[in-house]
Amino acid sequence: KRPVFHLPVHSATAPKSHGRYYFTNPAKSKMGAIFAQRGFLPTTDIHAASIIWFQSKQKIKKVWAGGGKHRRSAWRELGAWQSINHLEKEREIGHKGRLLFHLHRHFGGPGTIPFMPASYRLWDAAERQAFLDAIQADADGSPGAGGREDSRRIGSGTKEHHKINGLKGAAAGFRPWIMKQAHMDNGQGIQIISQPQKLAELAAKLRAIPAALASSSSSSSSS
């Protein structure tokens, strides 16, 4: 089932205080102080605030619904004049693997996205195999195989690229990859695979993963 994104489309008339009040959770926060410095006034009535800020997204439904479990989505009750700092399904774009899933579904799979290099979710059996096929095609010297056209690899394969990266001999024809480990944030878990031997070691590990095991767990993604 495809996820649905809801935007604030509630057409309720804005109160006379529109544009004057803010609501924050927790009530005392650095963001609240910033809003106050800019002339906004605090309010404990979330329905009267034009600016709504939550430190924790998980508390939005609880605060908005007053603890009720069967209320409509808080985002559907927002007035068109209200702004909130979280999207209802923001994980679908904030999680790199989920974002790549939606981009692949929209454009047609790895190598079809016009504004980024071919990228693969290595926990997905089909995309993992496509990645292995792509690096094998690179090793065999097949241009553009696996969606890795030179036009999408800025400078890759050029003399300037080799000079900058100090690549010589067999490594001169090698295309680097960026690998992002899952479940790690703030720039952690990112690796640049810049040597053929390192890529060969990764490929060997991926080929040894049973398809059923890899499909049931989140691993890395490469581009």
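Q: E127 and R121, buried or exposed?
A: Both E127 and R121 are buried in this predicted model.

Q: What's the relative accessible area of R121?
A: R121 has a relative accessible area of 10%. The cut-off for buried is under 20%, so R121 falls in that class.

Q: How far apart are the closest N and O atoms of E127 and R121?
A: They are 2.9 Å apart, and the pair forms a salt bridge.

Q: Which residues are linked in a network with R121?
A: D124 and E127 are linked with R121 in a network of salt bridges.

Q: And the closest N and O atoms for D124 and R121, how far apart?
A: For that salt bridge the distance is 3.9 Å. The cut-off is within 4 Å, so the D124 and R121 pair counts.

Q: What about D124, how accessible is that residue?
A: D124 is partly exposed, at 24% relative accessible area. R121, its salt-bridge partner, is buried.

Q: Different topic. How many salt bridges does the structure hold?
A: The structure holds three. Two have come up already: E127 with R121, and D124 with R121.

Q: Which residue does E92 form a salt bridge with?
A: E92 pairs with R98, and their closest N and O atoms lie 3.0 Å apart.

Q: Is E92 buried or exposed?
A: E92 counts as buried, because its relative accessibility is 12%.

Q: And R98, what does that count as?
A: R98 has 25% relative accessibility, so R98 counts as partly exposed. This salt bridge therefore joins a buried E92 to a partly exposed R98.

Definitions and conventions
Residues numbered from 1 in each chain as written. Predicted model: local features only at pLDDT ≥ 70, side-chain atom pairs only at ≥ 80, totals over all residues. Heavy atoms only, no water. Salt bridge = Lys/Arg side-chain N within 4 Å of Asp/Glu carboxyl O. Buried < 20%, exposed > 50% of the residue type's maximum accessible area, 1.4 Å probe, protein only.
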